[in-house]
Amino acid sequence: MGDKGAGNYSDVTDFILVGFRVRPEFHVLLFFLFLLVYGMIVLGNISMMAIIVTDSQLNTPMYFFLGNLSFIDLFYSTVIAPKAMVNFLSEKKTISFAGCAAQFFLFALFIVTEAFVLAAMAYDRFSAICNPLLYSVHMSRRLCTQMVAGSYFCGWVSSILQVSVTFSVSFCASRVIDHFYCDSYQIEKISCSNLFVNKIVSLSLAAIIILPTIVVIVISYMYIVATVLKIPSSEGRKKAFSTCSSHLGVVSLLYGTVSFVYLTSPSNLELRKVASVFHILVTPMLNPLIYSLRNKDVKQALRKILWNKKALS
């Protein structure tokens, strides 16, 4: 990659995260808003993991994947939210070069891993509804563990590639990132290098890693719908669809918000930032609610825990 400007990335020690372009007095409001939402993310996802771990009836493949989904949601929001909150109250609003690379790496790791875990969950629902008699054979504990481990491995490979190409570029005089976290698009905007390789890597990752997860989800649900429509009773169809509704809601929420972020015009930066808040904070906050409110097993497990706690007090 040839340089177009003078300064090299090795000369850059930190970046400035602009955040939201609002009046200074609104930064305090943003801090408390982020704090409230992040607090709900921590409470909701830790509670979901605790319920799954403590209730033996939830020792099934679906809840094994759901526990990992809660772990991922908790940590990818943690990678972004605390630093953003610190910067809302800080005048400098800086992040070190290493800190920016680490934030970018971890966020990419967890977001790609989540896409693969959601695909694994779609396959789990396909197996449960389309092949119920062989479900326990197909979805063994070993296979579930391998699927989650494979999801993390794909996330790790994707992150390594993205960080390598993003932070190996040369930077111009500016070190200002017009976002509240280290976003790849904004990092590339302050680069002086030819970004052809970056674009090729991004498109390749989308084609080789992200696209297959969408294909698995779509094909799984095509088979699920075809199978459910063959069930003669309306009660049976309703019960079958209810086991998928939570997962489908989470998938729609994640892909909908991420698509909105990257399909929004780059010229409308403030709208892209607001859209980013939805997939970084709102989605991880809503996921536990979607599964707890629409899932009979989780609600029963929660009642049991609360009842036991009440009995002990």
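A nonpolar core here is a set of buried Ala, Val, Leu, Ile, Met, Phe, Trp, Tyr and Cys residues joined through side-chain atoms within 4.5 Å, where buried means under 20% relative accessible area, exposed over 50% and partly exposed in between (1.4 Å probe, protein chains only). The model is predicted, so local features need pLDDT of at least 70 and side-chain atom pairs count only at pLDDT 80 or more, while totals for chains, interfaces and linings use all residues. Residues are numbered from 1 along each chain as its sequence is written, and side-chain values use heavy atoms, leaving out hydrogens and water.

Start by selecting Phe34, Phe65 and Phe180: these have the most contacts inside the largest nonpolar core, which has 72 residues. A second, separate core of 19 residues includes Ile95, Phe97, Ala101 and Leu195.

Stay with phenylalanine 180 for a moment. Beyond residues up to four places away in sequence, it touches Phe34, Ile80, Lys273 and Ile280, among others; contact means heavy atoms within 4.5 Å.

Next, select helices α2 (residues 61-88) and α3 (residues 97-130), whose axes lie 9 Å apart at an angle of about 160°. Axes are lines fitted to C-alpha atoms, for helices over the stretch in contact, and angles run from 0 to 180 degrees between N-to-C directions. Helices are DSSP runs (H or I, at least four residues), numbered from the N terminus.

Finish at tyrosine 123 in α3. Is tyrosine 123 buried or partly exposed? Tyrosine 123 is partly exposed, at 30% relative accessible area. Leaving aside neighbours within four places in sequence, tyrosine 123 contacts Met139, Met147 and Ser220.

How values were computed:
Helix = DSSP H or I, 4+ residues; strand = E, 2+ residues; numbered from the N terminus.
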